[in-house]
Amino acid sequence: MTDIRPGPTPGTVPARPCRADGLALLGEFADSGLDRPVQLARRSDGQVVALTELLAHILAAADGTRDIEAIAGQVAVRNGRAVSGADVGYLIADRLMPLGLIAAAEGATPTPRAAAMFTLAARRTLLPAPVVARLGGVLAVLFRPAVIAGLLALLVVADIWVFRRHSVADSAAAVLATPTLMLAVVGLALAGALVHESGHAAACRYGGAGPGVIGFGMYLVWPAFFTDVTDSYRLSRRGRLRTDLGGIYFNGLYALALCGALAVSHAEVLVTAIVLAHLDAARQLAPFVRLDGYYIMGDLAGVPDLFSRMVPALRSALPGRRRPPSPGEPAGGSATPAAGAGDAGRVGEAGPAGPGGGARLTGLTRRARLVVTAWALLAAPAILVNLVLLLVSVPFVVPRTARAVWAQLAPAGSALGGGQVLTAVADAAAAVVLALPAAGMLFVLFLLGRAVTRGLAAHHHRKRSHRECHHPERHHRGRDRRARSVRHHGVGGSGGRRRGTEPATPPPQARRHQRTERRWRRRPIRSGRGCRSPDPADR
């Protein structure tokens with residue numbers, strides 16, 4: 001589950017509150033699956049936060065030139081209802097400042113981030129935002145409807161020609177047998193990944209939003225590229241879906257370009273590259289991991305933060321469970337941080353959740369609830385099956401992978417000793433490629449184990465806190481009972497007598513009186529017709 005916890009509330013509110021440096025107001029989240037409109041704000045680190053209209057008006061008025069009372073007056077004009085300075089001060093201190101939207105008066109402004117599993121880590125910029133914007137502007141012409149129809153028809157014809165005239169098996173065998181061809185295929189795959197990201201940027205620019213940087217990072221243990229298209233949340237559902245599908249569309253265009261190169265050069269290695277380009281496009285459609293298919297499902301529902309709503313959706317689908325009604329707007333509005341969403345090819349940080357939404361199904365429209373529930377019912381079995389297969393296959397895959405990697409590194413050492421640097425590099429790269437799947441499996445198990453451990457610890461802590469808060473007398477009785485156990489039975493509950501303690505059992509005379517009292521307590525009151533209970537007035 002993706003969640004972000006606000007930082008500690010700052011001690012004082014600035015006399016003239018000002019928005020945090022680099023904060024951008026994205027406007028309303030159009031065509032969302034939330035049952036009330038929300039406004040989006042993006043911090044300088046790319047984290048998106050969903051706000052109610054009241055909080056968005058306060059944030060817009062906090063430009064550093066107005067004090068609290070002036071902000072309250074400005075908000076009252078925009079919001080159409082009376083807002084006091086005390087209310088504005090409370091909302092700034094309790095809602096906006098802990099999320100890093102208002103600069104702190106003293107010290108550093110807190111910038112909490114969404115804690116999501118399986119996201120892109122160790123991100124680095126490859127192409128800066130101005131270069132990506134220019135590139136997207138040049139390539140945006142490819143998203144005109146007539147151009148799309150013509151290029152896709154040409155791609156179908158080219159694929160038919162390639163797979164009828166050339167053998168995929170022969171090309172793959174030649175690549176696996178020749179280290180230099182394997183390096184060439186890896187290079188072509190990396191070029192295809194960059195083309196994929198350019199498709200996201202071009203689609204975002206065609207819709208009227210501004211793409212951010214193109215970079216790379218680590219998705220689990222695999223290197224992956226990403227494109228910051230957070231600004232696409234200002235677009236309509238159609239524009240967001242175009243942005244989601246832009247990378248897959250450019251995968252097809254890249255395969256079309258490889259088909260043209262094959263027709264000119266007759267290099268059979270390009271057949272393998274064409275197949276890999278199509279497989280990468282199909283892989284991106286998987287809706288159960290943070291790839292393009294996941295964001296397509298989120299934009300179809302209007303709820304990008306799907307994983308945080310999986311468990312509530314499954315609970316609501318159980319027989320006999322009634323869906324709770326959507327809660328009303330909390331007094332003063334609310335702010336919900338976005339979910340982190342780093343993936344292998346779409347968003348740097350994205351995924352706003354509606355006010356009061358978070359990790360619940362409440363606050364969604366009927367259509368959004370149906371889509372989220374259907375996705376959860378399909379995703380949960382798929383994830384469970386993959387997890388079981390992972391657990392079963394790890395004992396077999398890891399030893400065999402270790403032997404294969406060692407067998408691949410031995411020729412690399414020999415080639416390096418013989419001065420064949422290119423062959424040694426190719427063998428080493430092949431060894432790394434062989435090791436990545438097993439390393440990814442082990443890393444996934446590590447993350448799952450850590451998440452389960454933390455979840456159990458948090459559940460135990462919540463249960464204990466709930467018991468102590470709502471049943472303090474039971475808690476104290478348990479403590480008194482344990483104390484009596486130590487006093488009567490000695491340390492460790494020993495049944496023997498200890499010096500300085502009371503006897504472990506009452507004397508025989510006391511036991512006889514206790515048995516008599518219990519016997520008379522169980523004996524019913526007799527009448528002419530049998531047993532009856534005492535009159536309630538006598539109780």
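Analyst: A nonpolar core is a set of buried Ala, Val, Leu, Ile, Met, Phe, Trp, Tyr and Cys residues joined through side-chain atoms within 4.5 Å. Buried means under 20% relative accessible area, exposed over 50%, and partly exposed in between, with a 1.4 Å probe and protein chains only. This is a predicted model, in which local features need pLDDT of at least 70 and side-chain atom pairs count only at pLDDT 80 or more, while totals for chains, interfaces and linings use all residues. Residues are numbered from 1 along each chain as its sequence is written, and side-chain values use heavy atoms, with hydrogens and water left out.

User: Which element gives the most residues to the largest nonpolar core?

Analyst: The largest nonpolar core has 24 residues, and Leu 51, Ile 58, Leu 59, Val 88, Ile 92, Leu 96 and Leu 101 touch the most other members. Two or more residues come from each of β4 (48-51), α1 (53-61), α2 (68-79) and α3 (85-96); helices (H or I, at least four residues) and strands (E, at least two) are DSSP runs, numbered from the N terminus. With five residues, the top contributor to this core is α1.

User: How many residues does the second, separate core have?

Analyst: Leu 34, Ala 50, Leu 306 and Met 310 are among the members of this second core. Its number of residues is 22.

User: Are the faces of β4 covered or open?

Analyst: In a regular strand the side chains alternate between the two faces of the sheet. In β4, Val 48 and Ala 50 lie on one side, and Val 49 and Leu 51 on the other. These four residues are all buried, and both faces are covered.

User: Which residue stands opposite Val 48?

Analyst: Strand β3 (residues 39-42) runs antiparallel to β4 and is joined to it by four bridges; two strands pair if DSSP finds at least two bridges between them. The hairpin has five residues between the strands, and Gly 46 there takes a positive phi near 95°. The residue opposite Val 48 is Arg 42.

User: In the salt bridge of Arg 234 and Asp 231, how far apart are the closest N and O atoms?

Analyst: A salt bridge is a side-chain nitrogen of Lys or Arg within 4 Å of a carboxyl oxygen of Asp or Glu, and the structure holds five. Arg 234 is partly exposed at 38% relative accessibility, whereas Asp 231 is buried at 8%. The closest N and O atoms of this pair are apart by 2.9 Å.

User: Which elements do the buried residues of α9 pack against?

Analyst: Helix α9 (residues 269-284) reaches 23 Å from its first C-alpha to its last, close to the 22 Å expected. Its buried residues include Val 269, Leu 270, Ile 274 and Gln 284. Taking contact as heavy atoms within 4.5 Å, the partners of these buried residues are α5 (145-165), α6 (168-177), α7 (179-207), α8 (237-265) and α10 (292-301).

Key
Expected span 1.5 Å × (residues − 1).
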